[in-house]
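Subject: Structure for your review

Dear colleague,

Please find the structure below, together with its sequence.

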Amino acid sequence: MLAIFAILNSKDGEAAMHQLGFDQPNIVFGGGIALPEKGVRLPHLPPSMKDLTLDQAIDAVARTFGAS
């Protein structure tokens, strides 16, 4: 959820939402961030994603976290 929030609140995400006539909903997020135990590898996105379209960024989230 935090990754989607960051994508939609980027300059490009906000511009796309505005162009399509969507308003950004108020989102209250309650949850923790899972820190892996030593030696355990959890799915993650890179710290920074640049030069991607909005679709590419959302696809990266879906591939990383197994969305169907």
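In which helix does Leu 2 lie? Leu 2 lies in helix 1; helices here are DSSP runs of H or I with at least four residues, strands are runs of E with at least two, and both are numbered from the N terminus.

Two remarks on the basis of these findings are in order. This is a predicted model, in which local features need pLDDT of at least 70 and side-chain atom pairs count only at pLDDT 80 or more, while totals for chains, interfaces and linings use all residues. Residues are numbered from 1 along each chain as its sequence is written, and side-chain values use heavy atoms, with hydrogens and water left out.

With a relative accessibility of 42%, Leu 2 counts as partly exposed (buried means under 20% relative accessible area, exposed over 50%, partly exposed in between, with a 1.4 Å probe and protein chains only). Between Leu 2 and Gly 31, which are 29 residues apart in sequence, the C-alpha to C-alpha distance is 9.8 Å. Leu 2, Ile 33 and Leu 35 make a nonpolar surface patch of about 360 Å². Such patches consist of residues with over 30% relative accessible area and no salt bridge, where like charges are joined within 9 Å and nonpolar side chains (Val, Leu, Ile, Met, Phe, Trp, Tyr) within 5 Å. A salt bridge is a side-chain nitrogen of Lys or Arg within 4 Å of a carboxyl oxygen of Asp or Glu; accessible areas come from the Shrake-Rupley method with a 1.4 Å probe, and for residues only the protein chains shown count as cover. Ile 33 belongs to the loop between helix 2 and helix 3 and is exposed, at 65% relative accessible area.

Gly 13, in helix 2, is buried at 0% relative accessibility. Beyond its neighbours within four places in sequence, Gly 13 is in contact (heavy atoms within 4.5 Å) with Ile 7, Leu 8 and Leu 54.

Helix 3

Helix 3 covers residues 54-65. Its buried residues are Ala 57, Ala 60 and Val 61. The face turned away from the buried side carries the exposed residues Asp 55 and Arg 63. Gly 66 follows helix 3, with a positive phi near 70°.

With kind regards

Methods: The expected span of a helix is 1.5 Å times one less than its number of residues.
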